[in-house]
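Hi,

Here is the structure I said I would send over. Have a look at it first, and then read on for what turned up.

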Amino acid sequence: MVQHYWLSVYATDLGTEPLISWTHVFLEVLDINDNAPELSQPVYFASIQENMDKVTSVIQVLATDVDMSSEGKLSYQMLESHRTYFDVDPKTGTGNTRCLVQRKFSTKFKYLSN
């Protein structure tokens, strides 16, 4: 992929003896946000003991983005319907419990990364 171009541009007048002036232009091609973030694993597995303290770190997911325009900055989110028992830190991707989790509740949750 070409990341920049050097252009030579000139202007000329329409006189009987045309005069010319030259300049050089550096044109940088900026990256656009055209690639989705990629998680380091297709599936993550974690387990916790039931009745653990309210805020317990469960898992950390990791994603990368090849677009230079995002400057490697990603935001992690969780579906609202899964936030009863778990939450995710938007900057680190660390999943935490929000309350005491008991085995009788079946809770599968998904992360979203932006």
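Predicted model: local features only at pLDDT ≥ 70, side-chain atom pairs only at ≥ 80, totals over all residues.

Let's start with a term: a salt bridge here is a side-chain nitrogen of Lys or Arg within 4 Å of a carboxyl oxygen of Asp or Glu. By that rule, the count is 3 salt bridges.

Residues are numbered from 1 along each chain as its sequence is written, and side-chain values use heavy atoms, with hydrogens and water left out.

Now, which side chains pair up? Glu-80 meets Arg-83 in a salt bridge at 3.4 Å, N to O. Arg-83 also meets Asp-87, at 3.0 Å. Asp-87 in turn meets Arg-98, at 3.6 Å. Asp-87 lies in strand E7 (residues 86-88) and Arg-98 in the loop between strand E8 (94-97) and strand E9 (111-113), so this pair ties together parts that are 11 residues apart in sequence. (Strands, E, are DSSP runs of at least two residues, and helices, H or I, of at least four; both are numbered from the N terminus.) Through shared partners, the salt bridges join Glu-80, Arg-83, Asp-87 and Arg-98 into one network.

Are these residues buried or exposed? Buried means under 20% relative accessible area, exposed over 50%, and partly exposed in between (1.4 Å probe, protein chains only). Glu-80 counts as exposed because its relative accessibility is 59%. Arg-83 is partly exposed at 25%, Asp-87 is partly exposed at 22%, and Arg-98 is partly exposed at 34%.

The other thing to look at is a nonpolar surface patch of about 530 Å², made by Val-2, Tyr-5, Leu-7, Val-9, Val-25, Leu-27 and Val-29. Strand E1 (4-12) and strand E2 (20-28) are the elements that give two or more residues to it. The largest share, 3 residues, comes from E1. Tyr-5 lies in that strand, E1, and counts as partly exposed at 40% relative accessibility.

How is a patch put together? Its residues have over 30% relative accessible area and no salt bridge; like charges are joined within 9 Å, and nonpolar side chains (Val, Leu, Ile, Met, Phe, Trp, Tyr) within 5 Å. The areas come from the Shrake-Rupley method with a 1.4 Å probe, and for residues only the protein chains shown count as cover.

Cheers
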